[in-house]
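Work through the exercises below with the model open beside you. Try each task before reading its solution.

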Amino acid sequence: MLDNLPRGTICIEDLEIGMRRDRSKVISDADIELFAEVSTDRNPVHLDEDYARETMFQGRIAHGMLTAGLISAVIGEQLPGYGTVYLGQSLKFMAPVRPGDRVTAEVAVTAIDHARRRVTLETLARVGDTLVLKGEALVLAPSRKFD
């Protein structure tokens, strides 16, 4: 995994609108197979090239939730980081991710509710210049006052 900052915690008191973090990973065949095993989603569009070639995707694609998992990694390890609790996530899948693609997951702070410790985050994933996922997350951020 490649990313732009170290892991840890950014407490809500230190967050600012516009803060962003990202993380990149090449999606391997092994990643897809492991995700299928863990999730029990063995849809052949992910695992069987002959089957997938006959679909609208014309070849195998990664699970959408595997891509979304990279967003979770940025939120849980970088922004806000350790101690963050997911409250909700919207996702819209824009384009397929294929084995061998380098996915960059991006998270940016768009709103902060200090009184309720809630942070709204724009969530995106790209393969090169192609937007493959977009959404929004609501999280409970760690605080020096309570943690």
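The exercises that follow cover strands, a helix, backbone angles, salt bridges and a surface patch.

This is a predicted model, in which local features need pLDDT of at least 70, side-chain atom pairs count only at pLDDT 80 or more, and totals for chains, interfaces and linings use all residues. Residues are numbered from 1 along each chain as its sequence is written, and side-chain values use heavy atoms, with hydrogens and water left out.

**Exercise 1. Strand pairing**

Task: Find the strands that β4 is joined to, and say how they run.

Solution: 
- Start with the terms. Helices (H or I, at least four residues) and strands (E, at least two) are DSSP runs, numbered from the N terminus. Two strands pair if DSSP finds at least two bridges between them.
- Take β2, residues 20-26. Seven bridges join β2 to β4, residues 102-113. The two run antiparallel.
- Pick out one pair there. Arg20 has Ala108 in β4 as its bridge partner.
- Now take β5, residues 118-127. Ten bridges join β5 to β4, again antiparallel.
- Pick out one pair here too. Ala111 stands opposite Thr120 of β5.

**Exercise 2. The hairpin**

Task: Say how many residues lie between β4 and β5 in their hairpin, and which residue there takes a positive phi.

Solution: 
- The hairpin has four residues between its strands.
- Arg117 takes the positive phi, near 60 degrees. Arg117 is a residue other than glycine.
- Check its cover. Buried means under 20% relative accessible area, exposed over 50%, and partly exposed in between (1.4 Å probe, protein chains only). Arg117 counts as buried because its relative accessibility is 15%.

**Exercise 3. Salt bridges**

Task: State how many salt bridges a search of the whole structure finds, then examine three of them.

Solution: 
- A salt bridge is a side-chain nitrogen of Lys or Arg within 4 Å of a carboxyl oxygen of Asp or Glu. The search finds eight.
- Arg60 and Asp29 form one, with the closest N and O atoms 2.9 Å apart. Arg60 lies in the loop between α3 (49-53) and α4, and Asp29 in helix α1, so the pair ties together parts that are 31 residues apart in sequence.
- Arg60 is buried at 13% relative accessible area. Asp29 is partly exposed at 37%.
- Arg42 and Glu37 meet in another, at 3.4 Å, N to O. Arg42 is partly exposed at 45%, whereas Glu37 is exposed at 52%.
- Glu49 and Arg53 form a third, with the closest N and O atoms 3.7 Å apart. Both lie in helix α3, four residues apart, about one turn of the helix. Salt bridges that share partners join Glu49, Asp50 and Arg53 into one network.

**Exercise 4. A surface patch**

Task: Which residues make the nonpolar surface patch of about 220 Å²?

Solution: 
- Patches are made of residues with over 30% relative accessible area and no salt bridge: like charges are joined within 9 Å, nonpolar side chains (Val, Leu, Ile, Met, Phe, Trp, Tyr) within 5 Å. Accessible areas come from the Shrake-Rupley method with a 1.4 Å probe; for residues, only the protein chains shown count as cover.
- Val85, Leu87 and Leu138 make this patch.
- Leu138 lies in strand β6, residues 130-140. It is partly exposed, with a relative accessible area of 33%.
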